[in-house]
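Here is a short briefing for a first look. Keep the structure in view as you read.

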Amino acid sequence: MMPEYVKQKLSLDFAEITEYLTKRIKEYIEESGKSGGIIGLSGGIDSSVTAILLSKATKNFHILLMPSSSTSKKDIEDAMKIIKIINAEDKYTLINIDNITEDFSNLVKTTDKIIIGNIKARVRMILLYAFAQKMNYLVIGTGDKSEIMLGYFTKYGDGGVDVLPIGDLYKTQVRMLGRFLGVPEDIVSKPPSPALWEGQTAEGEIGLDYETIDSILYLKFEEMREEEEISEMTKTDMAKVEKIIKMVKTSQHKRLPPEIFRLSGRAVNSDWRYPRQWG
Amino acid sequence: MGLKIELAQIRPKLGDVKLNLEKHLEIIQSSTADCIVFPELSLTGYVLRDLVYEVYKEGEKAVERLSDENKCIIAGLVKETRPGILRNTAAIIIDHKVDYVYKFYLPTYGLFEERRYFQPGDPKKDLKIFEYKGIKFGVIICEDAWHYEPIQALTLMGADTIFIPASSPMRRLSVKLGIQDNWEALLKAHSLINGIWTVFVNTVGSQEEEFFWGGSMVVSPSGEIIAKAKLFEENSIITEINLNEVRKNRFFSSFREHNRDFYDVLKNL
């Protein structure tokens with residue numbers, strides 16, 4: 001559960017947030033010298049919200065639907081609903097990734113659902129980048145703050161993007177933003193899932209609902225509270241609070257560029273800290 | 001008679017001094033104000049990181065070009081004060097003469113890393129009072145307004161107006177914009193306590209992860225916000241400040257009381 005205190009802290013002025021994020025997407029595309037953005041739409045809340053924001057930021061956008069055998073029919077229908085809402089009927093491409101995923105899995109000789117799941121996420125990344133290059137677009141990522149903090153994404157899969165517009169909004173905030181933006185209620189309230197295998201749900205895998213996860217993340221990392229206190233405030237077992245915090249810590253490598261072993265007088269990332277906007 | 005000031009809330013392009021200089025000139029040349037104030041590091045952009053090692057070379061040349069203009073101008077740059085020493089600097093140009101002030105308090109917490117690149121100004125040398133069209137003013141940079149002393153010192157030295165070029169990034173955007181509330185409170189307090197005009201000129205727009213929220217404003221010596229630029233977009237506003245408002249505060253406040261004994265205590269803390 002989310003304590004009333006956290007609920008208040010995470011409340012936002014969604015009109016202002018929408019204006020802000022739209023502006024930032026627009027500016028980021030302009031500054032990058034690209035002419036638009038491409039986005040993978042799953043029919044879930046994150047990509048629905050990001051697609052709507054992208055459509056507000058620019059006319060130059062394209063949507064990829066990349067279902068696999070583990071994508072539910074409902075997800076595809078939901079993605080189509082969003083496409084309709086943002087009038088993008090002529091701006092999407094549907095590609096089934098089953099064959100290519102199977103090729104990869106056969107080459108790797110694996111039937112492990114997690115490995116295959118990650119292959120799916122990375123196949124989608126490859127397709128997004130190929131389309132992006134072809135169209136001179138940026139790849140607009142759809143990860144939210146909860147997933148990014150937990151490391152609940154595939155490295156170089158859904159994590160492989162150019163920019164993360166909703167990456168500073170917790171899942172529960174994205175849901176609220178979704179409602180504000182007119183995302184249909186069944187999309188807002190369906191259980192979040194990477195759909196990398198059938199029946200996978202985020203809350204099932206992590207073992208807590210996002211109201212609780214977000215409360216723990218907020219209280220621990222933004223308010224720096226003690227774990228005992230967080231457990232009490234969220235009425236959650238200590239073991240589960242600790243599990244969430246551990247997920248954040250062990251996934252730090254996913255949030256940073258790869259480590260470069262230091263040798264020279266000036267090494268990239270270590271004491272080479274240029275902004276992206278450089279020259 | 002008052003002083004017409006323009007708060008030039010611009011979105012500089014990070015690291016592109018040439019382009020930013022053009023933007024400055026465009027605003028200055030079309031302005032009807034006496035004094036045009038740009039944000040902190042307006043010629044270079046703020047989130048420079050290691051770009052400081054490049055942009056310092058062009059800053060002073062750009063200021064030289066600005067000094068051709070026939071106005072009072074305040075603009076921000078990275079200045080090399082001796083070989084290899086850089087400071088976060090505001091240039092004050094009055095009737096073609098250039099002077100500089102330096103940031104005293106360099107934020108190095110959270111998203112800020114100024115101490116990594118800059119040397120702080122020295123209060124014993126770098127507190128300066130300027131005068132233009134009968135108005136005495138001081139200039140401090142952004143974080144300096146989060147402390148008592150820089151504004152207090154300048155005020156006691158004679159300033160009736162404090163210009164505050166700033167690059168305040170947005171944080172805590174929730175139901176209200178938290179950082180905007182903070183700034184309003186700070187400026188009002190400085191104005192009320194010192195009987196001064198405070199003129200806050202913020203950067204606007206995105207630079208790397210950060211987004212500068214704009215919202216430049218002028219607070220009167222009575223603590224009222226008398227002019228406010230837009231949030232989140234480039235916006236120049238012109239307003240007038242005068243000494244009558246300063247008098248109104250000081251006739252009916254205890255600003256004239258200055259008890260130095262407090263400083264004897266503070267000095268030893």
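**Chain B at a glance**

Two residues separate strand 4 of chain B from strand 5 of chain B in their hairpin, and there B:Asp95 takes a positive phi near 45 degrees. This is a predicted model.

**Strand 4 and its neighbours**
- Strand 4 (residues 85-94) of chain B is largely enclosed by the rest of the structure, because seven of its 10 residues are buried.
- Strand 5 (residues 97-102) of chain B pairs with strand 4 of chain B in the antiparallel sense, over six bridges.
- In that pairing, B:Tyr102 of strand 5 stands opposite B:Thr89.
- Strand 3 (residues 72-82) of chain B also pairs with strand 4 of chain B in the antiparallel sense, over 10 bridges.
- B:Ile85 in strand 4 of chain B stands opposite B:Arg82.
- The hairpin of strands 3 and 4 of chain B has two residues between the strands, and B:Gly84 takes a positive phi near 85 degrees.

**The whole chain**
- Chain B holds seven helices and 14 strands.
- Its C-alpha trace spans about 50 × 45 × 45 Å along the principal axes.
- Of the 269 residues in chain B, 47% are buried.

**The core**
- The largest nonpolar core has 137 residues.
- B:Val37, B:Ile162, B:Ile164 and B:Val199 have the most contacts inside this core.
- Helix 3 (residues 45-57) of chain A gives the core its largest share, seven residues.
- Leaving aside residues up to four places away in sequence, B:Val37 touches several residues, including B:Ile5, B:Phe163 and B:Val199.

Terms used: Residues numbered from 1 in each chain as written. Chains lettered and ligands numbered in written order. Predicted model: local features only at pLDDT ≥ 70, side-chain atom pairs only at ≥ 80, totals over all residues. Helix = DSSP H or I, 4+ residues; strand = E, 2+ residues; numbered from the N terminus. Buried ≥ 20, exposed ≤ 12 C-beta atoms within 10 Å, placed from the backbone. Core = buried A, V, L, I, M, F, W, Y, C linked by C-beta atoms within 7 Å. Contact = placed C-beta atoms within 7 Å. Pairing = 2+ DSSP bridges.
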